[in-house]
Amino acid sequence: MTAGPDEEQSGLTDLARGLSAPKGFVDASLAAPVPGTIRLLGGIPAPEALPGEAIGRASAQLWQDPDAVIASLQYSPARGSEALRDWIAKREGVDPSRIVVTNGGMHGLALSVLTVVERGATVAVDDPVFPGFLWALEVATTRILPVPVVADGFDVEHLARRLADGARIAAAYTVPDFHNPAQVSLSAPKRQALVELAERYGFYVIIDDPYRELRFGGQDQGVAVFHQSDRAIHVNTFTKTLGPGWRVGWLVLPDHLVDPVIRLRNRLDVHTSSVTQAIVERLLTDDPQCFDRIVRGATALYQVRAGVLIDALQEQLPGAFDIVAPEGGLFLWPRLTDDAVDPAALFRRAAAHGVVYQPGEFFAADPRGRSSVRHLRLSYSDRTPEELREAVRRLALAF
């Protein structure tokens, strides 16, 4: 499945040639030149959305149960605790035997790559792409085939043309719901088409879905098509709903990949923390409505913040950006409309005025392309409405 030299000349990209750090990119996470800088950087859950009190109750209940305490301090199965896998499986609509609990979403991505991507093989990826997947991918390969992300998600027709022309891939990676960074969702017809393409050409689809629960508009495009295919690996996590500190996520695997993933885990981390699994399990199962209440509260909060950010941009910088209102997730992906505005210079001026964000260039899968460079990724999730309005005021000064 390794790509040949002719494929390299026809659009395949090698990460070793500089994708890990796009040329000219200034790490926005380090750009805080003035006191009180407002950071619109990461997909960080709002503190108000995290279920601190409910977690405290679940934890207290665990420590008051001597038998449960001892069990949680012992080893647990590599697949994950039975009750937690049962809860996840019911929510995903699959048999619990297909669930493997992971140490968060990145761990799920790394396990997926190590299981189905041969060393040196080529993997099709979103363009723009979540850079964390490229880091996970480097454990197996640095060869990628960038696929544009368009208004309805991963451009499956583009990939189909590349495959028809002779490109061969081990896997295709995409974020189907509220894409990071492009905020769009993969349409239901494209989900079906992508799975059919994988089955026809024999590659795997790695579905990275951490934002799926955070829908506040539009129509759910569904995940059943992924679960019905033996060529799809569905990666999810509690990071964006219960909090990233848990490091608890899961894989929905085709039956034939469960044992290979378990064998791999037994050579790496053995299992996810028994203590954290026990607390999360109690949180989810003692009150069957708890998780849905958490999600409803979070999505309502993010809907308000997304609206505040969009309104502020349109009021203070009218016409400066093309903006599509998100239907969920944590990010806005506005595009600069004036070609005379230099995105790199704007970023530096914005940082000097006390607001930082991720420049679109950071997410370019193909450094030769220009599709992302005029975009800004603005995270609204962990900023208050007042902070968002002030951030836009500072951004306007940078103009």
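The questions and answers below concern a predicted model.

Reader: At what angle do α5 and α10 pack, and how are these helices oriented to each other?

Author: Helix α5 covers residues 105-116 and helix α10 covers residues 255-266, and their axes lie 10 Å apart. The angle between the two helices is about 110°.

Reader: Which residues of α10 does α5 meet, and how does the contact divide by class?

Author: The residues on the α5 side are H107, L111, L114, T115 and V116. Facing them in α10 are L257, P260, V261, L264 and R265. By class, the contact of α5 with α10 divides into seven nonpolar, two polar and one charged.

Reader: How does α4 cross α11, and what is the handedness of the crossing?

Author: The axes of helix α4 (residues 82-92) and α11 come within 9 Å and cross at roughly 45°. The two helices are therefore oblique to each other. As for handedness, the crossing of α4 and α11 is left-handed.

Reader: Which residues of α11 does α4 meet?

Author: From α4, the contact takes in A83, L84 and W87. The residues of this contact of α4 with α11 divide into five nonpolar, two polar and one charged.

Reader: What is the handedness of the crossing between α2 and α11?

Author: Helix α2 (residues 52-63) packs with helix α11 (residues 274-285) at an angle of about 115°, with the axes 9 Å apart. Residues A54, I55, A58, S59, Q61, L62 and W63 of α2 meet V275, A278, I279, R282 and L283 of α11. That contact divides into nine nonpolar, two polar and one charged. The crossing in which α2 passes α11 is right-handed.

Reader: Which residues lie nearest the centre of the largest pocket?

Author: The largest pocket holds about 670 Å³ of space. Elements that give two or more residues to its lining are β2 (38-40), α5 and α6 (131-137). By class, the lining of the largest pocket has 16 nonpolar, nine polar and eight charged residues. Of the 33 lining residues, those nearest the centre are G43, F130, N180, Y211 and K240.

Reader: Which strand gives the most to the lining of the second largest pocket?

Author: About 450 Å³ of space lies in the second largest pocket. Its lining comprises 27 residues, with V150, A151, A182, Q183 and V184 the closest to its centre. The residues of that lining divide into 13 nonpolar, eight polar and six charged. The element that gives the most to the lining, with three residues, is strand β5 (residues 143-150).

Reader: What is the phi of F178?

Author: Most residues other than glycine have a negative phi. F178 is placed in the loop between β7 and α8. Although F178 is not a glycine, its phi is positive, at about 55°.

Note on methods. Residues numbered from 1 in each chain as written. Predicted model: local features only at pLDDT ≥ 70, side-chain atom pairs only at ≥ 80, totals over all residues. Heavy atoms only, no water. Axes fitted to C-alpha atoms, helices over the stretch in contact; angles between N-to-C directions. Helix = DSSP H or I, 4+ residues; strand = E, 2+ residues; numbered from the N terminus. Left-handed = near helix turned anticlockwise from the far one by under 90°. Contact = heavy atoms within 4.5 Å. Nonpolar A, V, L, I, M, F, W, Y, C, P; charged D, E, K, R; others polar. 1 Å grid on protein atoms, 1.4 Å probe; cavity = no way out; pocket = protein on both sides within 12 Å on 5 of 7 lines; lining within 4 Å. Points joined across faces, edges and corners; volume = space filled by probe spheres on them. Parallel < 35°, antiparallel > 145°, perpendicular 65-115°, else oblique.
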